[in-house]
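Dear colleague,

I am handing over a structure that you have not worked with before. Please open it first, and then read the notes below alongside it.

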Amino acid sequence: MTSGGDAPGMNACVRSLVRSAGSHKLLIDGIIRGYEGMINGDFEPMSARSVANIIHRGGTILKTARSKEFRTKEGRQQAYEQLKVNHIDAVVAIGGNGTFTGADIFTKEFGIPFIGIPGTIDNDLYGTDYTIGFDTAVNTAIEAIDRIRDTADSHDRLFFIEVMGRDSGYIALYTGIGVGAGNILLPETDTDYDELVNVLKAGVKRKKLFNLIIVAEGNKTGGAIKIAEEVKKRFDHYETKVTIIGHLQRGGAPTAADRLLSSRLGYAAIEGLMNGERNVMVGIINQEIVYTPLKDAITKAKKLNPDLVKMSGILAT
Ligand code: F6P
């Protein structure tokens with residue numbers, strides 16, 4: 001099943017799972033709409049042919065949802081009964097933190113083995129260098145911001161551009177480096193307006209005529225609109241604009257990197273299951289497949305690389 005926010009590459013992963021399972025003669029059902037489908041018994045038998053022609057498609061053919069009912073004991077009980085009636089012995093879930101939190105509780109309550117696959121554009125899961133969809137989201141954001149740069153440059157404007165990332169600055173940091181942003185405001189660090197304004201003033205002194213500032217959606221000081229207002233109050237040199245990229249960066253065809261990652265993780269999930277891995281998330285760290293207990297994947301923090309944060313500041317000067 002796919003669960004939580006959709007991410008480009010989920011379909012490539014479903015394809016890989018179904019075909020890898022087929023090589024072990026396992027029978028596979030797709031669960032439709034994540035935990036909602038599990039509760040309602042919405043299962044579809046899948047075969048190598050049912051996953052043809054999807055490797056390049058964004059979204060998820062299995063649909064997805066953020067289930068409130070699965071957070072209740074009654075919902076999980078019903079989900080367990082549906083799995084039993086439908087002879088499901090193990091579940092592979094592609095999703096993020098919420099999905100694995102549910103899985104961790106469920107396996108403890110009912111003993112159904114789970115394998116998690118990290119699928120979220122936020123790249124906020126411990127136990128893998130990258131999550132499915134992150135690379136595509138960053139590429140999409142960069143492509144969009146390159147266009148904004150044309151206007152910023154032509155009109156000498158200051159743009160505050162908000163990218164996704166509920167609690168994590170990965171998308172903002174990688175996008176900011178990729179577009180050569182003047183500043184990147186992350187959820188992991190508090191925004192100091194005085195410091196930000198000083199950087200802008202110094203830029204103006206160096207005849208920096210336009211500026212792109214990337215704001216992560218989860219920034220604790222507020223989103224791009226609030227930050228732009230506050231900066232304007234303190235420093236009114238630039239004509240200021242705000243763009244929120246929003247769900248644009250979650251859709252679209254997965255990049256080559258995401259297709260490869262998705263294919264590898266799907267294959268490794270089935271191999272792991274066959275080799276006795278239980279209640280783990282499969283990830284790739286330094287090119288190697290790694291199985292991390294679900295508990296660690298959801299509770300341990302994946303920190304931003306401080307070298308990248310430092311470098312982004314130096315390159316922005
Ligand atoms: O977790 C992925 C993500 O796109 C976050 O970056 C964002 O905060 C959230 O999902 C938005 O979720 P929804 O599409 O349910 O509003």
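The centres of domain 1 and domain 2, taken over C-alpha atoms, are separated by 34 Å in this predicted model. Domain 1 is made up of residues 10-133 + 254-299, while domain 2 covers residues 137-250. Where the two domains touch, 8 residues of domain 1 are in contact with 11 residues of domain 2.

Around the ligand you will find Arg-66, Thr-120, Ile-121, Asp-122, Met-164, Gly-165, Arg-166, Glu-217, His-247 and Arg-250. By residue class, this shell holds 5 charged, 3 polar and 2 nonpolar residues. The space that the ligand takes up is the largest pocket.

In the side chain of His-247, an N or O atom is 2.7 Å from an oxygen atom of the ligand, and a polar side-chain atom of Arg-166 lies 3.3 Å from a ligand oxygen atom. Gly-165 takes part through its backbone, where an N or O atom lies 3.2 Å from an oxygen atom of the ligand. As for cover, the ligand taken alone exposes 400 Å², of which the protein buries 77%.

With best regards

Terms used:
Residues are numbered from 1 along each chain as its sequence is written. This is a predicted model: local features need pLDDT of at least 70, side-chain atom pairs count only at pLDDT 80 or more; totals for chains, interfaces and linings use all residues. Side-chain values use heavy atoms; hydrogens and water are left out. A residue is near a molecule or strand if one of its heavy atoms lies within 4 Å of it. A polar contact is a pair of N or O atoms within 3.5 Å; within protein, one must be able to donate a hydrogen and the other to accept it, and residues adjacent in sequence count only if both atoms are side-chain atoms. Accessible areas come from the Shrake-Rupley method with a 1.4 Å probe; for residues, only the protein chains shown count as cover. On a 1 Å grid over the protein atoms alone, a cavity is a set of points where a 1.4 Å probe fits but cannot get out, and a pocket is an open set with protein on both sides within 12 Å along at least five of seven lines; lining residues have an atom within 4 Å of a point. A molecule sits in a cavity or pocket if more than half of its atoms lie within 2 Å of its grid points. Ala, Val, Leu, Ile, Met, Phe, Trp, Tyr, Cys and Pro count as nonpolar, Asp, Glu, Lys and Arg as charged, and the others, Gly among them, as polar. Domain bounds come from an automatic or database domain assignment. Contact means heavy atoms within 4.5 Å.
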